[in-house]
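Work through the exercises below with the structure open beside you. Try each task before reading its solution.

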Amino acid sequence: MAILLLLPALALVAGVFLWPLLRYGWLSLQASSVLTGLVPVPNGGANWQRLLADGRFWQDAAQTLRFAGLSLALELLLGLALALLLHRPLPRRGLVRAVVLLPWALPTTVMALGWRWILNDPFGPLNGLLQSLGLPAYGFLSQPATTWLFTVLADVWKTTPFVALLLLAGLQAIPSELEEALRLEGAGPWQRLRRLTLPLLAPYLLLAALFRLAQALGVFDLIQVLTGSGPASSTESLALYAYLNAMRFLDFGYAATLMLGMFAVVLGLSALVLLAQALRRRLAEMAP
Amino acid sequence: MPTALPLLAALTWSLLPLLWQLLTSLRTPEALVLQGPSAWLQGWTLANYRQVLQGDPPFWRYLFNSCLVGAASTGLTLLLAIPAAYGLQRQRPALRGGISLLLLAAAMFPYVLLFLALLELARALSWGNQLLALALPYAGLSLPLAVLLLRAAFADLPAELEDAARLEGLNLWQRLHRVLLPLLAPAIASTAILVFLFSWNEYPIALTWISRNDLLTLPVAMARIAGSSVYAVPYGAFAAATVLGGLPLLALVLVFQRQIVSGLTQGAVKG
Amino acid sequence: MEVSVLMPAPFADATAPLVAAFNREHRELQIAVTRGPLDTEALSDLAISSLLLGDTPYDLLLMDVTWTPKYAAAGWLEPLEPLLGDNALAGMAPGAQLGNTFGGHLWRLPLLADMGLLYWRTDLMDAPPKSLQELAATAADLQRRGVVPWGYVWQGRQYEGLSCVFLEVLRDFGGHWLRLGDDRQSDLDSPEAIAAAGWLGGLVRSGVTPDAVANISESESLQIFGAGQAAFMRNWPYAWAELQKPGSVVAGRVGVVSLGNGTQGSWGFSLLKGSAHPQQAAAVMRWFTSEATSRDLAVRFGYTPVWQSLLDDPQLQEQLPLLPVLRQALECTALRPLTPLYAQLSDVLQRQLSGLISGSGSAEAAMAEAQRQSTLLLRAAAPGA
């Protein structure tokens, strides 16, 4: 009986997630591009062979991982700090929380253009600051070696509040008596953090990490607006490459293959994170 | 540990880029490229706001579209998620675990991958350029997280509560409506806000499903304002749009921040 | 009966009064214009998603010159010669006739011409440079003497604009994108192509062009040149009016010349397949591109007309001081490759050039890689592959 209540939701979820994957599976075995007049023609595994030999796919995969890895690390770190701060009794706490959450509530495309202006060389305010300090202007968005760092900056600015929010919820679930008891034992703030807060926060950290990892691996609109993949494709992500193939090149067979390839990367990484978590737990149980 | 300094840092970090947008929105294009301290004496204007508000269609139209889609998506999601969460909580543990795991996997899926197939779906069903039709993929994408959050909240309620209600002869609908839902209000509110913000933010699907100007949602309209003028990147007008588009959100977050946090606390991660 | 048209916003705004007048005069035939984004790639995304969504709401689409073969190959366009006859382009400037036919059919009727131009500062030099070498030397000299912070700004962001900039330089060095006489072969590793790429890279390395060029599109280069911070700028004709506006730092101190081989970037109308009333749509297309409309758009907005008679018209030349330059530029434009795979070819080239100008590797290596990837793409497209 209760299963009937579940069905409508599950059906919609399946329609939105499962159907596209099946469709991509089929499309990835077809040639469907301007060269076939957009008519799907089976081409065996040609798309998959192309994917394996496509240096750009692997380069983009590495760049996407680089972006996601650093974003995730910074967001967890800053998010934790922010959550600890917001958990304290603050003057006008409601207003402070709202202000801190605001970057998360603004659409990505909106602030991506804002960042493009802030990072503008030579007229943006950051370069204005450098110049007023007597330093030369810096091409924040034109150096292949460093531009990706500024895409990370924009992402961290936008999504740290979300991580902080999740962690704040976790902090509020920790009974304050426990903290009090530790304090009476003479534990300092650092020790309380390590011995009490972090272990109890672990599931929230894991959840935040998994969420953010998946979304960061799918980074799309931020980069499209901020750098347009450049310079020298040094900020191109897998999602952008797939989008390019679908909407600009009209090569749907290969776009579908790229999307499945990306899905495989995400799946592999999530499995890795969960595995590491399980392993850590096992080791902790074995320890005396 | 003193609070003032980190607090100041956090506020600066969050606000400074936004304040710069506010400042930019009040400057003429010529003033934006002036350098040196004397530049601040001139070039202030409200023209950017005028341009954005008097555009065709006017800016409030995009705000309205986004609110409409957001409300429809939130409503649809809750309508499906609340019974589903209840139903999920009533399953055998093994099945419940299995379904939860699948939902978790879906919730963490980088949904940008789906746009191409969803575009084909919209074509097959003639859902292109139907504002309310966007609520379907948005609800589908939000449901996994919504069901998980609400299921955890149901799990937190004492089982005796519903048993007592059942003994009193209340049917399922009455039990949900009169006993359970009022207790779940905070969790429902926070779920609703998460769903609303997701649809408020969503870009790739809105970009591909809507091509009519007067039906655009805010993120797509903003991206389009960015590229709608020959006259240099209209950073000023764009910044004005950011400010106008950000205000409703500021109000929303200001009013609901307590619910957002407390709703998540209701055991999102415990189950 | 309503014919609906999708255009970039500025064209929609420019034609709005004419369309309103048309609609007043023709009760039975109305034109409904949709304002799309200006950014060429954003408009392409919008047009393509509306086409992929099926039964597009538009009859006519104002298209960039490079889209034609792709849209035709995708089966989205109606050939125009059954509606407009075989001589629809007769009377247009030779440069404007290019890029409208593909595979033996006419797919597109040009509304206005557009080509790369060189903007120079009349207060800093007596005459514009006559060659690229002279341009680089003058720019470097002015910069060395501290007259301007930068010598030459152009579009180096990794996007279509970079391909346009490169093509002009390539043609100036005597090279070709696709092999002359065999357009199924890429010719990007020729000595001329390497020299052209090396020249662009050299501008950045010697500091004549700022490093920031790797993220600069039309608007940013206009911003820098308009602020008086550069001696030269490569841009399209629209920039002229912007630089003359009151408040512009450089108003009255800017000259324009043909680049010699300016990249052709015209906009034109195509008829989308599935239009419910192709006859009426063709009539609207004819009206939009008529001499009368072109004249009006030229006078009020400085849009480059495609009709030779207008380009030669002394009265119009009086109203539009820029017209002789535009006419001359239109006599020798460089056309980007006409192939459904153009987007991929351009993407490959942009990627390598962006790497080169943002400072890694040699021109030889960049062009060799661009050649290798282009060859793979073109081979896949060859019949029988």
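The exercises that follow concern a predicted model.

**Exercise 1. Chain A as a whole**

Task: Describe the make-up of chain A: how many helices and strands are there, and what share of its residues is buried?

Solution. 
- Step 1. Count the elements. Chain A has 12 helices and 2 strands.
- Step 2. Read them in sequence order. The pattern is α-β-β-α-α-α-α-α-α-α-α-α-α-α.
- Step 3. Take the dimensions. The C-alpha trace of chain A spans about 75 × 70 × 40 Å along its principal axes.
- Step 4. Check burial. Chain A has 288 residues, and 50% of them count as buried.
- Step 5. Look at the contacts between residues at least 6 apart in the sequence of chain A. Of these, 67% join residues at least 24 apart.

**Exercise 2. Two packed helices**

Task: Find how α7 and α9 of chain A pack: at what angle, and how far apart are their axes?

Solution. 
- Step 1. Locate the helices. In chain A, α7 covers residues 147-172 and α9 covers residues 189-217.
- Step 2. Take the angle and the distance. The helices pack at about 155°, and their axes are 9 Å apart.
- Step 3. Classify the angle. Angles over 145 degrees count as roughly antiparallel. Therefore α7(A) and α9(A) are roughly antiparallel to each other.
- Step 4. The crossing of α7(A) with α9(A) is right-handed.
- Step 5. List the residues in the contact. α7(A) contributes A:D155, A:T159, A:V163, A:L166, A:L167, A:A169, A:G170 and A:L171. α9(A) contributes A:L201, A:Y204, A:L207, A:A208, A:R212 and A:A216.
- Step 6. The contact of α7(A) with α9(A) has 10 nonpolar, 2 polar and 2 charged residues.

**Exercise 3. The sides of chain B**

Solution. 
- Step 1. Take chain A. Here 71 residues of chain B are in contact with 70 residues of chain A.
- Step 2. Name the elements of chain B that each supply at least two residues. They are α1 (4-25), α4 (59-89), α6 (115-125), α7 (135-156), α9 (172-201), α11 (218-226) and α12 (235-265). The most comes from α12(B), with 16 residues.
- Step 3. Sort this side of chain B. It holds 55 nonpolar, 13 polar and 3 charged residues.
- Step 4. Take chain C. This contact uses 20 residues from chain B and 23 residues from chain C.
- Step 5. Name the elements of chain B that give two or more residues. These are α6 and α10 (204-209). α6(B) gives the most, with 3 residues.
- Step 6. Sort the side that touches chain C. It divides into 8 nonpolar, 8 polar and 4 charged residues.

**Exercise 4. A sheet in chain C**

Task: Work out the strand order of the open sheet of 4 strands in chain C, and say which strands stand at the edges.

Solution. 
- Step 1. Write the order. It is β8-β9-β7-β10, with mixed pairing.
- Step 2. Find the edges. β8 (150-153) and β10 (254-258) of chain C each have a single partner strand, so one side of each is left without a neighbour in the sheet.
- Step 3. Inspect one pair. β8(C) and β9(C), residues 230-235, run parallel and are joined by 3 bridges. C:V153 has C:M233 in β9(C) as its bridge partner.
- Step 4. α6 of chain C, residues 132-144, lies across β8 and β9 of chain C. It runs at about 145° to β8(C).

Definitions and conventions:
Residues are numbered from 1 along each chain as its sequence is written. Chains are lettered from A and ligands numbered from 1 in the order in which they are written. This is a predicted model: local features need pLDDT of at least 70, side-chain atom pairs count only at pLDDT 80 or more; totals for chains, interfaces and linings use all residues. Axes are lines fitted to C-alpha atoms, for helices over the stretch in contact, and angles run from 0 to 180 degrees between N-to-C directions. Angles under 35 degrees count as roughly parallel, over 145 as roughly antiparallel, 65 to 115 as roughly perpendicular and the rest as oblique. A crossing is left-handed if the near helix is turned anticlockwise from the far one by less than a right angle, and right-handed if clockwise. Two residues are in contact if their C-beta atoms, placed from the backbone, lie within 7 Å. Ala, Val, Leu, Ile, Met, Phe, Trp, Tyr, Cys and Pro count as nonpolar, Asp, Glu, Lys and Arg as charged, and the others, Gly among them, as polar. Two strands pair if DSSP finds at least two bridges between them. A residue is buried if 20 or more other C-beta atoms lie within 10 Å of its own, exposed if 12 or fewer, and partly exposed in between; C-beta atoms are placed from the backbone.
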